[in-house]
Every structure is written in C-alpha cells, then in structure tokens.
Amino acid sequence: MRLVQFLTKDNNPSVARVSGNELQLISGYASTYELANGAISAGKPLQKMVQENLSSERFDYGELLGSDRLLSPICHPDPARFWITGTGLTHSGSAQTRDAMHKVLEKEGELSDSMKIFKMGLEGGKPDLGKVGVQPEWFYKGNGHSVVVPGGSLEMPDHALDGGEEPEIAGHYLIGPDGTPHRVGFTLGNEYSDHIMERINYLYLAHSKLRPCSFGPELLLGDFPASIKGQVSVIRDQKEVWTKEFLSGSDHMIHSLANLEYHHFKYDLFRFPGDLHCHFFGTATFSFSDGIKVKDGDQLRIQSELFGKPLVNTVKKGPKKRIGIRSL
C-alpha cells in the first residue's frame with residue numbers, strides 16, 4: 001500500500017491511497033501526519049486505518065503529477081520539528097565508492113577510515129535478534145525546511161562546489177506520546193550532497209550534507225523490503241547523460257534496519273513526542289563516482305517499481321548571498 005499527499009484544486013491538503021492511475025481519498029484526515037497520529041491513538045496498524053477511512057472520492061494521478069499540487073508524502077505542520085538525518089557506508093560496495101573519492105593511505109595496505117567503518121559494519125552490523133550491533137556512520141542533514149517536494153528544484157547554493165544526487169531509501173518515523181518511535185513507512189529519496197567538498201577532506205562530510213533533499217512521491221507502508229532494485233539517471237537537455245542501477249533493502253545492506261534504527265533513536269533528543277524523522281539509509285551509487293559533473297538545469301530521476309512513480313527533481317544554481325551578522 002502506498003500513500004501520497006497533495007493539494008486539491010481548492011487548495012485543500014489531502015492524503016490518498018494510490019490505486020493504479022487513481023488516488024482514493026482518505027476521509028477525515030488532511031495529512032499522513034494526522035493519519036499516523038490517529039493510528040497511534042487508536043492502537044491500530046496504519047494500513048488498517050487507511051482501509052477504514054477510504055472514501056469514494058477519487059482523483060486522476062496523472063493530472064496531479066502534471067500540476068504543482070503534489071506534496072511530499074509526509075511532513076510535519078512545524079517544519080522545525082522534522083528531523084532529516086542519515087547514515088552512510090551501509091551498502092555492499094559503498095566503501096569502495098567512498099574510498100575512491102578521498103582516501104590517502106599513509107602506508108601501503110593501511111585501511112582508510114572509511115574502510116575501517118565499513119569493515120566494522122560487515123563484522124557487526126547485523127547482530128542476532130535482541131543484541132546491539134556496531135554503530136554506523138551518522139550525519140545530520142537539516143529539518144523540514146530542507147525538504148523539497150517531488151518535482152521541485154534542489155538548489156545548489158552559491159558556496160557549494162557540487163550538487164550531486166544520492167539515490168536512497170528513507171525511513172519515516174513519528175514519535176508517539178510516550179516517546180516511542182513508530183515506523184510510518186519508506187520512500188525513495190534523493191539525499192542530494194556536495195561530493196567535491198567531501199572529497200577535500202572526509203571531515204568536511206558534515207558540511208557536504210547540509211543541502212536540500214527530496215523524497216517520495218509515494219510512501220510505502222508495511223515491512224522493509226528485502227531487495228529493492230531501482231534506476232537513477234541524470235538528464236540534461238532532455239537527454240540521458242548517465243544512468244545506473246542501484247540496489248537497497250536488507251539483502252544489500254551490511255547493517256540491519258533494526259541496528260540503524262537503534263543507533264538513531266538511542267538518543268533521548270530523537271524521542272520527543274510529536275516529532276517526525278526522515279532517516280536516509282545510504283547508497284553505493286551516484287554519478288559523481290563515474291566522473292559526472294551535475295550542472296544547473298539537470299534533471300535527477302530516481303525510480304523503483306516497488307515505490308510507484310519516480311522521484312524527479314531539477315538542479316538549480318542558487319543566487320549569490322551575503323550573510324550579514326549584527327551585534328546586539
């Protein structure tokens with residue numbers, strides 16, 4: 001089951017279930033956030049809440065995709081309470097990709113920091129049930145103000161050196177009234193980053209991640225898929241200049257979902273009732289590692305049959321800004 005959020009022609013926020021080329025409205029709820037809160041309060045699975053509240057009203061999905069009314073499939077009414085975070089070096093092949101970007105070995109045969117973290121994940125990222133595994137790399141990306149709707153523009157700020165796609169699966173979580181994280185669902189995600197800045201020095205990773213991102217357009221409910229196969233493409237002047245398959249899901253990751261979730265939500269800061277979380281699970285595939293320089297106006301397309309319609313965004317060069325600091 002997959003959900004989308006959108007604005008009606010009367011500008012009313014709505015949430016609906018995807019049903020082929022139609023969207024079936026969920027009555028009584030204006031957003032996925034409201035629906036998920038309702039499920040927590042009722043003590044019901046989210047899919048059951050959807051089934052119980054489906055209306056007969058339907059919308060043309062194709063017409064909506066061609067408009068500017070499509071929203072991210074989940075959001076918080078207060079964007080500052082929507083945490084955007086992620087983890088890297090979680091997939092088979094991701095260490096080689098990262099290592100090729102910025103490793104400098106002091107001695108022949110010595111492992112880089114990236115390879116050390118990757119090796120730790122291989123050895124301890126999927127612990128036995130009930131046990132805690134090794135913690136992964138982790139980064140902060142922003143809050144709800146950083147999220148760009150599907151079809152929107154991902155800005156490459158004036159201070160950026162690059163703006164490249166990262167096709168990933170993102171998990172979305174709502175913190176219940178008692179502080180318990182509730183897994184809402186999963187989306188395709190573009191964890192858009194500055195790879196040139198990161199390559200200068202791996203300690204610049206934190207800076208390189210402070211960029212906008214996008215996810216959706218559909219929210220997949222239910223269990224985390226074992227195997228996700230998708231395609232990521234860079235399109236320039238209506239021509240595909242680069243494309244590649246990406247793999248995700250538990251079969252292709254060196255950390256279990258439970259381990260990634262534990263090491264994020266073990267911090268009290270991330271269990272404040274009512275907060276929403278988007279957590280990117282990492283990738284091993286992006287165009288930068290193949291020598292592609294993303295340009296202003298390029299279209300970034302990420303798609304996977306499991307997640308319905310593709311996630312499409314356009315790179316946009318941001319204006320020059322001068323940040324003035326005032327003394328009070």
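**Close-up views of a predicted model**

View 1. Ile235 sits opposite Gln299, a residue of β17. The model shown here and in every other view is a predicted one. The two strands in this close-up, β14 and β17, run antiparallel to each other and share five bridges.

**View 2. The open sheet as a whole.** Five strands line up in the order β9-β18-β17-β14-β15, giving an open sheet with mixed pairing. The edges belong to β9 (153–156) and β15 (239–248); each has a single partner strand, so one side of each goes without a neighbour in the sheet. From one strand to the next, the twist averages 20 degrees.

**View 3. β14 against β15.** Here we look at β14, which covers residues 228–236, and its antiparallel pairing with β15 over nine bridges. To find your bearings, pick out Val232: its bridge partner in β15 is Lys244.

**View 4. The two faces of β17.** Side chains alternate along β17 (residues 299–303). On to the partner strand: β18 (residues 311–317) pairs with β17 in the antiparallel sense, over four bridges. Leu300 turns up again in that pairing, with Asn313 of β18 as its bridge partner.

**View 5. Helix α1 and the glycine that follows.** Helix α1 spans residues 32–42, and its buried residues are Thr32, Tyr33, Leu35, Ala36, Gly38 and Ala39. Just past the end of α1 comes Gly43, with a positive phi of about 65 degrees.

View 6. Trp138, Tyr140 and Leu210 together make a nonpolar surface patch of about 280 Å². Tyr140 belongs to strand β7, residues 139–143. With a relative accessible area of 34%, Tyr140 counts as partly exposed.

View 7. The cut-off for a disulfide is a pair of sulfur atoms within 2.5 Å. A search of the whole structure turns up zero disulfides.

Terms used. Residues are numbered from 1 along each chain as its sequence is written. This is a predicted model: local features need pLDDT of at least 70, side-chain atom pairs count only at pLDDT 80 or more; totals for chains, interfaces and linings use all residues. Side-chain values use heavy atoms; hydrogens and water are left out. Two strands pair if DSSP finds at least two bridges between them. Axes are lines fitted to C-alpha atoms, for helices over the stretch in contact, and angles run from 0 to 180 degrees between N-to-C directions. Buried means under 20% relative accessible area, exposed over 50%, partly exposed in between (1.4 Å probe, protein chains only). Patches are made of residues with over 30% relative accessible area and no salt bridge: like charges are joined within 9 Å, nonpolar side chains (Val, Leu, Ile, Met, Phe, Trp, Tyr) within 5 Å. Accessible areas come from the Shrake-Rupley method with a 1.4 Å probe; for residues, only the protein chains shown count as cover. A salt bridge is a side-chain nitrogen of Lys or Arg within 4 Å of a carboxyl oxygen of Asp or Glu.
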